[in-house]
Amino acid sequence: MISGVVFIIIATVLIFVSVKGWSGPYAHPIVGLTSIILSVLQPIGALFRPHPDSSKRWLFNWLHWSGVAAICLATKFGNLLPKPFLGVVIAFIRKTVIDILQVLLIGAIVIAFVITLIILLYR
């Protein structure tokens, strides 16, 4: 993991040297820098990873899922990935999105139930 971060930093410096600084307000450098930041945050998140039962675990999970976004951004959404690997990335993202939607749906149902209960009790 440390060597990956070192190589990312070296590559970033080489890119900035090659283009002689920031190359302008275009999509490519913005997407690239976003990918670099998300990639470097992964080992930092691993250092501070909370226990699975911790109330702050959701924060780590979101940071870790951003690593998938970094992979997709870095490869222009899979243009450079072998097809089987792209399928794995898409399946992971799909599962993650479905998990998030399920949590949101359950939360909405609980909130609706509580609001209904409050209305019925204070009527």
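Modeller: The account below starts with the whole chain, turns to the requested part, and then follows the chain onward.

This is a predicted model, in which local features need pLDDT of at least 70, side-chain atom pairs count only at pLDDT 80 or more, and totals for chains, interfaces and linings use all residues. Residues are numbered from 1 along each chain as its sequence is written, and side-chain values use heavy atoms, with hydrogens and water left out.

The protein has four helices and zero strands, in the order α-α-α-α from the N terminus; helices (H or I, at least four residues) and strands (E, at least two) are DSSP runs, numbered from the N terminus. Of its 123 residues, 20% are buried, where buried means under 20% relative accessible area, exposed over 50%, and partly exposed in between (1.4 Å probe, protein chains only). Among contacts (heavy atoms within 4.5 Å) with a separation of 6 or more, 52% join residues 24 or more positions apart.

Helix H1 covers residues 2–18, 17 residues in number, and its first and last C-alpha atoms are 24 Å apart, close to the 24 Å expected at 1.5 Å a residue; that expected span is 1.5 Å times one less than the number of residues. Lys20 follows H1 and lies in the loop between H1 and helix H2 (27–47). Lys20 is not a glycine, yet its phi is positive, about 60°. Its relative accessibility is 75%, so Lys20 counts as exposed.

The structure holds one aromatic pair. Its members are Phe16 and Trp22, stacked at 6.2 Å centre to centre with 25° between the planes. Rings of Phe, Tyr and Trp (its six-membered ring) pair if their centres lie within 6.5 Å; planes under 30 degrees apart count as stacked, over 60 as edge-to-face and the rest as tilted. Phe16 counts as partly exposed because its relative accessibility is 31%, and Trp22 is partly exposed because its relative accessible area is 43%.

Further along, Arg57 belongs to helix H3 (residues 57–74). Arg57 is buried but has no salt bridge, and the nearest side chain of opposite charge, that of Asp53, is 8.6 Å away. A salt bridge is a side-chain nitrogen of Lys or Arg within 4 Å of a carboxyl oxygen of Asp or Glu; Lys and Arg count as positive and Asp and Glu as negative, while His and the chain ends are not counted. Leaving aside residues up to four places away in sequence, Arg57 touches Arg49, Pro50, His51 and Pro52.
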